[in-house]
Amino acid sequence: MNLAHLPEDIPLEVASMMPDMMTTGFHGAELADIQLGDTVAVIGIGPVGLMAVAGAKLRGAGRILAVGSRPNCVEAAKFYGATDIINYKNGPVDEQMLELTNGQGVDAVIIAGGNSDIIATATKFVIPGGTIFNINYFGEGDELPISRLDWGCGMAHKDIRGGLTPGGRYRMEQMINLVVNDRVDPSKLVTHVFEGFDKLEEAFYLMKEKPQDLIKPVVLVQ
């Protein structure tokens, strides 16, 4: 019940992006409740964050501010629809975000990377009534603290959400439909392709070491 028919003209390495990277990033755009013309921030532009950028564009975002530093990810973010790039190495993200938006902040934030303080950071520049949606996994620490004042003392309608992407055949058919009709091109996520089980270790080390030219490695076993 979870299998979807893959059209023959979609390469396997591209198809492998759909059940995780693509659907998760798009889920962030869906549940961030992006409306036409919204200003949206995407924090983290690894493969999932890049698909959040693409999803935000498809949902109608007018401006997309993407946070990241690796040059290949920055170029991919621009390809997928980012209008502005914020390098977290150049100073606090919230300060840069507010400077770029003339102090107004953003309508929605999609968190696809960062440490346990990143949700607190997002509350500093999302507008009252805005939405923060998290698709990042927090695997360390006991708490995810947020500032009482930055959250508007609970009175600012700053909605914080998080959750797993849906799966299943229908969801995959939706992702395939977007690809075959040229609405999104996940191939930009795949930077390294290997053949055979004996390449698994090499691919895993790439994921660990994160060289500058890496976005996502794929190992094909046929």
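**Pockets and overall build of the predicted chain**

About 640 Å³ of space lies in the largest pocket. A pocket here is an open set of points on a 1 Å grid over the protein atoms alone, where a 1.4 Å probe fits, with protein on both sides within 12 Å along at least five of seven lines. Its volume is the space filled by probe spheres set on those points, which are joined across faces, edges and corners. The largest pocket is lined by 25 residues, and Gly-44, Ile-45, Gly-46, Gly-113 and Gly-114 sit closest to its centre; a lining residue has an atom within 4 Å of a point. By class, this lining splits into 13 nonpolar, eight polar and four charged residues (Ala, Val, Leu, Ile, Met, Phe, Trp, Tyr, Cys and Pro count as nonpolar, Asp, Glu, Lys and Arg as charged, and the others, Gly among them, as polar).

The model is predicted, so local features need pLDDT of at least 70 and side-chain atom pairs pLDDT 80 or more, while totals for chains, interfaces and linings use all residues. Residues are numbered from 1 along each chain as its sequence is written, and side-chain values use heavy atoms, with hydrogens and water left out.

The second largest pocket holds about 290 Å³ of space. It has 14 lining residues, with Thr-24, Val-48, Ile-135, Asn-136 and Tyr-137 closest to the centre. Helix 2 (18-31) and helix 3 (47-58) are the elements that give two or more residues to this lining, and helix 2 gives the most, with three. Here the classes come out as six nonpolar, seven polar and one charged.

As for the overall build, the chain has eight helices and eight strands (DSSP runs of H or I, at least four residues, and of E, at least two, numbered from the N terminus). Its radius of gyration is 18 Å, close to the 17 Å that the globule rule gives for 222 residues, so the chain is as compact as a globular protein of that length; the radius is taken over C-alpha atoms, and the rule is 2.2 Å times the number of residues to the power 0.38. Along the principal axes, the C-alpha atoms fill a box of roughly 55 × 35 × 35 Å. Of the 222 residues, 46% are buried (under 20% relative accessible area with a 1.4 Å probe, protein chains only; exposed is over 50%, partly exposed in between).

Two non-glycine residues with positive phi are worth a look. Asp-33, with phi of about 60°, lies in the loop between helix 2 and strand 1 (39-43) and is partly exposed at 38% relative accessibility. Cys-153, with phi of about 55°, lies in the loop between strand 5 (126-134) and strand 6 (159-162); this cysteine is partly exposed, at 41%.
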